[in-house]
Amino acid sequence: MSVLIKGGLVVTSTGSYTADVYVEGDKIKQIGTNLEVKADEVVAAAGKYVLPGAIDPHTHLAMPFMGTYSQDDFESGTIAAACGGVTSVVDFDLQAKGESLLEAIERKKAIALGKAVIDFSFHPAVTDPRPEVIDELKKAIEEYGTPSFKVFMVYDFRVDDYTMIRLLEETNKYGGLVQVHAENVYMIQRMNEIFAEEGNLSPWYHAKSRANIAEEEAIERAGKMVEMTGSRIYIVHLSSLEGLRKVKKFRDRGIDVFAETCPQYLTLTEERYKEPDWNGAKYVMSPPLRSQNSLDELWRGLRGGDLQTVATDHCPFSFKGRKDMNGKDDYKVIPNGAPGIETLLMLLHTEGVVRGRITKERMVDVLSTGTARMFGLAEKGEVIVGKDADIVVFDPEQKFTITQSRLHMNVDYTPWEGWEMTGMPSVVYSRGKRVAEWSGDRMKFVGEIGRGKFVKREPFEGF
Ligand code: URP
Ligand code: ZN
Ligand code: ZN
């Protein structure tokens, strides 16, 4: 199978130029002007962008959480991803008690293979840090192809500071990267007690119980552990102005504290928790949505380089049946998380590029090129000869109104219902195969169930 994409604007993280892109099999074979090659499929791309497919390094597919499972499995979740222009996901693989990291990887691989429509990898999430698990990190980095490891400072599967220090030491030896959900669990616990005593239990108090200071303090502590060990860390779903300032402070001192943010923190504010009819439950996620100040500062951080990536934290629970499965009387029992895998690229383009907050080149960096570098996806993230042909032919003028019924995620709402988008994929390729295309007023999946493969990643090489 061969594809010739003619006359599009190839967007890279450092600049853009008009060219033809020729794909043969899984790979990008040639890039040049007026290429004289025959192809099975020719795409006229004048006026369109040719982007590397987005990489979502923060998804929770088919993950057990808060007494239920995140609702998208590897089939529905990756179909939605493909329809949004995401061509790889790195999903969290929560270690079960007593399991080795390899067992956790093999278990989740079995869940994903035969279902995923795009390529995938895993970040093992260390929840049972027995000595033999710490010893296994070297193998996970060098042999299993999973060089990044998630730890949580909150939830009942959190790890303590000692474990974080040990993980930082070990990963530093072999080229691994620790990722952390940074919130101070005791600050949250105390706020929960106070709100319970006061009878303040609506979704608004979810946000108030997890104040900015809880994120700020946890990032400060994690950064100090990095300073102590000389290692590096990646803060997932950074949400607050105060958290960002901490990251910047460490980075200014040459301490490798990297961070991602998510479209929800770049586009929505805490006012959402006040929506009537318990609608605020739709936005119950951790960390919570913040103020406009934080939102504005996150865009500045993204533009200026203090934030390196944008990911979705896709963890969907339907408003009816899941968000309310434990009743509506207490924010603490609402499953945490929201859908977003399909709306990542369109939101970054509309709210970021079209509104002049970031350039299209920076968008490519934070969604693809930088993400591939951060997580060792050596074959992904750039439209250059030799890389996997994970390509989005993107129409920067195409309008789309976000409507749940036109999306593919297995959930009954989207946080961006009714938002007007400018710029949508025309065609999406995963390793040279067409997986999604614009059709009428929405994206349509045209790929093959189960074609996605597990990708072994390379150790961290610096950023
Ligand atoms: O609320 C969230 N973010 N749910 C998913 C789990 C996590 O903390 O990333
Ligand atoms: Zn988290
Ligand atoms: Zn998450």
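Residues are numbered from 1 along each chain as its sequence is written, chains are lettered from A and ligands numbered from 1 in the order in which they are written. Because the model is predicted, local features need pLDDT of at least 70 and side-chain atom pairs count only at pLDDT 80 or more, while totals for chains, interfaces and linings use all residues; side-chain values use heavy atoms, with hydrogens and water left out.

Let us start with ligand 1. The residues around it, meaning those with a heavy atom within 4 Å, include Phe65, Met285, Ser286, Cys315, Asn336 and Gly337. By class, this shell has four nonpolar, seven polar and one charged residues (Ala, Val, Leu, Ile, Met, Phe, Trp, Tyr, Cys and Pro count as nonpolar, Asp, Glu, Lys and Arg as charged, the others, Gly among them, as polar).

Now look at individual atoms. An oxygen atom of ligand 1 lies 2.7 Å from an N or O atom in the side chain of Tyr155, and an oxygen atom of the ligand is 3.0 Å from such an atom in the side chain of His181.

The zinc ion (ligand 3) has His58 (NE2), His60 (NE2) and Asp313 (OD) as its protein donors, at 1.9 to 2.1 Å. In sequence, the donor residues of ligand 3 are spaced H-x1-H-x252-D. Finally, 3.8 Å separate the two zinc ions, ligand 2 and ligand 3.

Terms used. A polar contact is a pair of N or O atoms within 3.5 Å; within protein, one must be able to donate a hydrogen and the other to accept it, and residues adjacent in sequence count only if both atoms are side-chain atoms. Donors are N, O and S atoms within 2.8 Å of the metal (3.2 Å for Na, K and Ca); water is not among the atoms, so sites may look incomplete.
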